[in-house]
Amino acid sequence: MKLKLSRYHVKLFMLCLLLGAIPVMVLGIFSYMKSSNIIENKVLQGNDQLLHQTQIQLENTLKIIDFSIFQLVNAQPVSDVLQMPIQARDFPLVDKVLETLQRIQIYELGIRDIQLISIDQNWIISNKGYAKLDEFTDTGRLALFTGIDRPFKWMTETTASKDEAQAQTNIYLVKRFPSYSAKPTALLVTQMSNQELFKVLPKSSELGSLMVVDEQGNILATDLLPEVDKGLRDSLLLQNILQTPELNGYRIGQIGKEEYGFTFRKSSYNGWTYLSIVSLDSITRESQAIGWATIWACLIILILIIILSLQGANKMYSPLRSLYQKTAVAGEPGDTQVPQDEFKVIERRMETMSQNNMHMTSHVQMLRHQLKPFMIYKLVQGQLTGKEIEEQLQLFGYSQQFRWLAVVAIQIDTLETTRYSEHDRDLLLFAISNIVEETVAAEHRLNPVVIDQSQVTVISSNHDSPDAFKDFMYATIKQVQENVLKFLDLPVSAGISRPYITYDLTSKAYAEGLDALKYRITKDTETILFIENEEPETQMVFFPEHLEKQLVEAVKFADDKRAHVLLMEFLQILSNRELTHNQMQNWLMKLLMDLLYIPEQQDAAISSLDTNAIPLYLQLKRLNTVQEIEQWLMQQIIEPIIQTMDQSKEAPYHKISNEVVRIIQSEYDRELTLEECASRLNYHSSYIRRALKKSMNINFSDYLLAYRMDIAKKWLTETEMKITDMARKLQYNNPQNFIRYFKKTTGMTPGQYREVSLSENGG
């Protein structure tokens with residue numbers, strides 16, 4: 001078969017091309033970047049060295065000037081003249097001072113003028129001669145010189161030039177006398193010549209331009225182009241460099257549309273900052289030549305790689321072409337219409353065969369996996385014969401080399417204190433089955449299954465004795481319980497059958513495992529029960545009828561506390577006696593029936609019981625522990641019965657109490673008695689008294705007096721009725737008795753109560 005387009009051939013060529021081109025491109029890019037970086041670093045190192053040399057030269061000059069001025073201060077003429085007010089006779093001394101001043105004004109050092117100022121004697125000596133300090137025109141400059149905070153200081157002053165086109169910066173060295181006095185008496189001011197001082201600065205070159213800036217940000221010297229100089233002055237970069245605590249460093253910033261690198265060094269001698277400014281674009285231009293050379297070299301290498309890749313791809317593809325032509329099927333759909341990859345054509349046919357094989361294998365495995373639980377289910381239910389058991393075990397690969405077998409039935413203890421509901425029970429049982437499958441080794445068990453409300457597993461072992469086998473079973477099931485509690489947070493109990501030796505006894509062992517679980521009613525949760533340890537011997541056990549009758553009587557009389565105590569005593573007897581599970585259930589059913597018969601005797605219905613719920617006997621049958629039974633009987637049976645009995649007894653009391661209250665509230669101004677109300681309601685007075693006590697917790701006379709007091713308060717507040725009339729209307733023999741009882745009740749007399757009420761209500 002002939003292909004129109006060979007995709008794999010193209011892929012081979014592209015692979016060879018990429019394997020050769022990528023290293024060349026990466027190497028070219030790396031070499032260009034590395035060389036550019038080296039050039040930039042060399043330029044920056046050169047700038048830093050040049051800046052350092054310039055700083056050393058300039059500071060050496062300044063230190064020489066400083067030393068010369070120091071010698072001048074110690075000169076005898078200067079020391080003598082500072083101590084006297086200058087008169088006409090002292091001008092020879094002034095001439096000596098001028099001669100001393102002019103002797104150290106070396107032109108090469110850049111000293112323009114030296115001024116000796118005596119603040120106490122009020123005079124100044126300079127190149128211009130002697131003058132009174134009052135004639136010093138620039139008082140602001142004098143105040144600036146006087147206010148220095150050090151014995152000597154290099155200071156700058158910016159003044160406008162004559163044409164006002166550009167500001168001029170003057171540099172001064174100011175020394176004060178005495179040196180460490182807060183209020184100096186004299187000053188020695190040295191004015192520098194900027195042109196001579198900064199002639200050591202190199203001119204602009206490929207390494208950049210230099211700039212000197214003082215502590216206040218004034219530019220002392222620069223050879224930048226005007227537009228660059230203006231852009232730098234307007235930017236925040238210069239201020240950021242001056243404010244940084246670093247003594248030297250490097251910054252990158254933009255001036256206009258061009259990017260510059262700034263190398264700076266700060267002087268610890270006078271606080272000046274030395275800047276070297278170089279255009280990064282100019283550095284980049286230097287490396288462009290290297291870039292072009294790298295590009296041409298890479299292109300030549302790539303052309304060679306393309307040629308070699310074509311030849312190598314042809315040689316590598318020839319075996320595949322032969323294989324494709326031998327394996328491809330003639331007339332296969334799409335071979336002559338759609339361009340295809342040769343491996344795709346071969347792979348498609350191989351995949352079809354592989355998929356068919358995998359599909360058949362997975363289908364068989366799925367059927368076997370589904371048949372395993374079904375076989376175990378039939379084995380446990382006793383639906384297989386001995387021959388069928390042997391065939392099925394051999395079919396599913398189960399080993400028949402064992403000494404002991406046992407059936408383990410696992411059930412959930414309770415769901416009430418967990419995060420699960422009753423609807424989750426089936427899913428939880430399957431989850432427990434998975435945990436058993438992972439915990440118990442496959443050689444010691446058959447496939448775990450779920451039957452009704454239990455998880456069932458047949459476990460085998462080769463231990464020497466039944467006791468060793470039981471120890472193994474206990475340790476294994478204990479580990480299962482711990483894993484279920486860890487992963488599901490669920491308490492479970494397990495019932496274990498007696499050991500047996502042939503699979504045909506599995507159904508009997510399954511029944512024994514379920515019977516063992518029934519005895520957990522007297523145990524705690526998360527128990528492991530062996531049937532031979534739990535099943536009691538047959539004996540005559542009598543039902544505690546006297547205790548059950550006391551419990552029923554306590555419920556009838558609504559004594560919930562005594563009923564609870566008797567119930568716990570009844571359940572304690574039940575759990576302590578050697579009873580079979582059926583006997584336990586019979587005792588509990590009899591107690592339940594006797595309790596439910598109590599409302600029937602009183603013609604009352606328990607309103608709190610849900611008639612649509614699970615029948616009560618089934619609910620009781622599902623309870624697993626004594627604690628659950630106690631809680632269920634108290635909350636679901638005894639307390640609702642007591643509540644129903646109380647409601648049925650108290651209903652007549654409420655009706656009678658309401659009638660008595662109605663009579664008192666409508667006829668309080670008559671002479672009412674309990675006997676009269678009882679006669680009108682056709683009840684005995686003692687029954688009326690008990691009804692009021694039960695429903696309102698008050699007797700007849702107290703309620704009548706309290707209501708009459710409320711009426712009296714209302715009259716005192718809302719009317720102007722006299723106290724004597726009130727006492728007569730409220731059936732008091734004399735006003736004094738009324739006043740005395742009113743004060744006993746309220747803490748004040750009726751008259752005081754009326755005054756307080758009127759004052760609170762604003763008259």
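Good morning. I begin with an open sheet of five strands, ordered S13-S14-S12-S15-S16, in which the pairing is mixed. Its edges are formed by strand S13, residues 449-451, and strand S16, residues 528-530, and each of these pairs on one side only. On average, neighbouring strands of this sheet are turned by 30° against each other, direction ignored. Please keep in mind that this is a predicted model.

Let us look at one pair. S13 and strand S14, residues 454-461, run antiparallel and are joined by three bridges. Within this pair, Val-449 lies opposite Val-456 of S14.

Which helix packs on the sheet? It is helix H11, residues 425-439, which touches strand S12 (404-412), S13, S14 and strand S15 (492-496). The direction of H11 makes about 145° with that of S12.

I turn now to helix H15, residues 545-556. With 12 residues at 1.5 Å a residue, H15 should span 16 Å; its end C-alpha atoms are 17 Å apart, so the two values agree.

Which residues of H15 are buried? They are Leu-547, Glu-548, Leu-551, Val-552, Ala-554 and Val-555. These residues cover an arc of only 160° around the axis, and therefore they lie on the same side of H15. On the face turned away from that buried side, we find the exposed residues His-546 and Lys-549. Finally, just after H15, Ala-558 adopts a positive phi of about 60°.

Thank you for your attention.

How values were computed:
Residues are numbered from 1 along each chain as its sequence is written. This is a predicted model: local features need pLDDT of at least 70, side-chain atom pairs count only at pLDDT 80 or more; totals for chains, interfaces and linings use all residues. Side-chain values use heavy atoms; hydrogens and water are left out. Two strands pair if DSSP finds at least two bridges between them. Helices (H or I, at least four residues) and strands (E, at least two) are DSSP runs, numbered from the N terminus. Axes are lines fitted to C-alpha atoms, for helices over the stretch in contact, and angles run from 0 to 180 degrees between N-to-C directions. Contact means heavy atoms within 4.5 Å. The expected span of a helix is 1.5 Å times one less than its number of residues. Buried means under 20% relative accessible area, exposed over 50%, partly exposed in between (1.4 Å probe, protein chains only). The arc is that of the directions from the helix axis to the C-beta atoms.
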